[in-house]
Structures are given as C-alpha cells and as structure tokens.
Amino acid sequence: TKELLGFGFKKVGNNTQISKKCTFVGLKNISIGSDVRIDNNVTIVANKGYLKLGNYIHIGSGSHLLCNGGLEIKDFCQLSQGVKIYTVSGDYSGEFLTNPVLPKKYLADKKSKVLLEKYVIIGSGSIILPGVTIGEGSGVGALSLCSKTVKEWGMYFGVPVKFLKNRKKKILDLEKDFLKSKLSKKK
C-alpha cells in the first residue's frame with residue numbers, strides 16, 4: 001500500500017495487488033479500496049475524470065477503463081478479461097467530428113458517469129457505454145454491449161443486452177459468512 005501511494009494514487013487500501021504491466025493515467029484521480037486485484041495489461045485513464053474502486057474487486061487482464069466522465073465500481077465486483085468501460089463517447093451522427101486531437105468546437109462528446117453497484121460481474125469482452133448503471137447483483141454475459149442501465153439482480157446478455165433471468169441472491173449470505181470468517185481470523 002505504501003509503495004502504491006508513493007506513485008501518486010489518491011487512495012489505496014490494504015492488500016491491493018496491481019500488476020506492474022498496467023498503464024495508469026491520472027493517478028491523483030484514482031481511489032482504490034482494500035483487497036483489490038488488477039491483472040496484467042489493464043489500462044485505466046482518469047486524467048480528466050475519476051475512478052473509485054470499492055473493496056474486494058478484481059479487474060481481469062486486458063481491460064480498459066476510460067474514466068473521464070467518472071467511474072465507480074462498488075464492493076465485490078468482477079470484471080473478466082478484456083472488459084471495456086467508457087464514460088465518454090464521440091457523436092457518430094455525422095453532425096460533429098469525433099477525433100480527440102481537434103478543438104472542442106468541432107466535437108460533441110457524450111460524457112456521463114458509469115456505476116457498477118455491489119456484486120456485479122461483467123463477462124469477458126463486454127462493453128459498457130457512458131451513463132450506464134449496472135444494478136446491484138446483476139451479471140452481464142461475455143461479449144455483451146450495455147448501452148442502457150440494467151436493473152438489479154438480473155442476468156443480461158447480447159448486443160444490446162437483454163434480460164435473461166433473475167440472478168440468485170445467495171451471494172448476500174456468502175458475503176456475511178466471508179466477512180465474519182475474516183473478522184474471526186483477526187482475533
């Protein structure tokens with residue numbers, strides 16, 4: 001934790017593991033909770049926005065988090081390999097240019113916060129677009145596209161995502177058991 005704070009992160013909790021093969025931009029805008037693991041080749045860009053990671057989070061290799069509009073990932077979330085989360089996107093209508101090297105007067109970027117509530121799991125290769133909230137306990141299957149908010153405790157899949165079925169809430173009991181066992185180990 002001390003070593004990571006020395007790099008310039010805004011906040012880093014205990015027992016955080018970050019691969020040396022990651023790329024971070026905007027460290028002063030990145031807060032990381034405890035028991036977080038970030039695997040190889042993850043890119044996190046927060047130079048104009050922010051990233052707030054809760055506790056017990058895993059971000060799989062090859063994921064890309066563009067945080068200019070703000071990104072918050074709450075406790076017990078899992079991003080599988082190659083997940084892309086965008087909090088800013090260009091206007092594809094043809095009314096504006098979409099190149100970030102051009103002056104702002106030619107652009108119409110959509111910038112909006114993305115929120116992943118507790119217990120969310122995002123499957124490999126999935127994409128989440130600006131303004132989306134993934135409701136508590138929901139899962140998004142591999143290779144899916146989330147362009148709109150999804151409700152809590154559901155399983156979603158597809159391009160664009162569609163509701164498949166409800167997700168079981170047994171994980172709420174498992175969390176209580178896990179935290180209880182962790183506290184008893186400290187004594």
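Biologist: Is glutamate 175 buried or exposed?
Modeller: Glutamate 175 counts as buried, since its relative accessibility is 12%. The cut-offs are under 20% relative accessible area for buried and over 50% for exposed, with partly exposed in between (1.4 Å probe, protein chains only).

Biologist: Before we go on, what should I keep in mind about the model?
Modeller: It's predicted, so local features need pLDDT of at least 70 and side-chain atom pairs count only at pLDDT 80 or more, while totals for chains, interfaces and linings use all residues. Numbering starts from 1 along each chain as its sequence is written, and side-chain values use heavy atoms, with hydrogens and water left out.

Biologist: Back to glutamate 175, then. Which residue does it form a salt bridge with?
Modeller: Lysine 118, with the closest N and O atoms 3.4 Å apart. Lysine 118 sits in the loop between strand 15 and strand 16 and glutamate 175 in helix 2 (residues 170–186), so this pair ties together parts that are 57 residues apart in sequence. The rule for a salt bridge is a side-chain nitrogen of Lys or Arg within 4 Å of a carboxyl oxygen of Asp or Glu. Helices (H or I, at least four residues) and strands (E, at least two) are DSSP runs, numbered from the N terminus.

Biologist: And lysine 118, how accessible?
Modeller: Partly exposed, because its relative accessible area is 23%.

Biologist: How many salt bridges does that rule give?
Modeller: The count comes to five. One of them pairs lysine 74 with glutamate 117, at 3.4 Å from N to O. There the lysine is in the loop between strand 10 (71–73) and strand 11 (78–79), and the glutamate is in the loop between strand 15 (114–116) and strand 16 (121–122), so parts 43 residues apart in sequence are tied together. Lysine 74 is partly exposed, as its relative accessible area is 29%.

Biologist: What about arginine 37 and aspartate 39, what do their side chains do?
Modeller: They meet in a salt bridge too, 2.8 Å from N to O. The two side chains are also joined by a polar contact of 2.8 Å. A polar contact is a pair of N or O atoms within 3.5 Å; within protein, one must be able to donate a hydrogen and the other to accept it, and residues adjacent in sequence count only if both atoms are side-chain atoms.

Biologist: Where is arginine 37 found, and what does it touch?
Modeller: Arginine 37 belongs to strand 5 (residues 36–38). Arginine 37 is partly exposed at 39% relative accessible area, whereas aspartate 39 counts as buried at 16%.

Biologist: Histidine 58 then. Where does it lie?
Modeller: In strand 8 (residues 57–59). Histidine 58 counts as buried because its relative accessibility is 15%. Its side chain has a polar contact of 2.9 Å with that of glutamine 78. Leaving out residues up to four places away in sequence, histidine 58 touches Arg37, Asp39, Cys77, Gln78 and Leu79.

Biologist: Changing topic: what volume does the largest pocket have?
Modeller: About 540 Å³. A pocket is found on a 1 Å grid over the protein atoms alone, as an open set of points where a 1.4 Å probe fits, with protein on both sides within 12 Å along at least five of seven lines; lining residues have an atom within 4 Å of a point. Points are joined across faces, edges and corners, and the volume is the space filled by probe spheres set on them.

Biologist: Which residues lie nearest its centre?
Modeller: Of the 18 lining residues, Asn68, Val88, Pro100, Leu107 and Asp109.

Biologist: And the second largest pocket, what volume?
Modeller: About 290 Å³. Its lining has 13 residues, with Leu4, Phe7, Ile18, Ser19 and Lys20 closest to the centre. Helix 1 supplies the largest share of that lining, three residues.

Biologist: Last one: what is asparagine 47 in contact with?
Modeller: Val25, Gly26, Asn29 and Asn68, leaving aside neighbours within four places in sequence. Asparagine 47 and valine 25 are 22 residues apart in sequence and 5.6 Å apart in space, C-alpha to C-alpha.

Conventions: Contact means heavy atoms within 4.5 Å.
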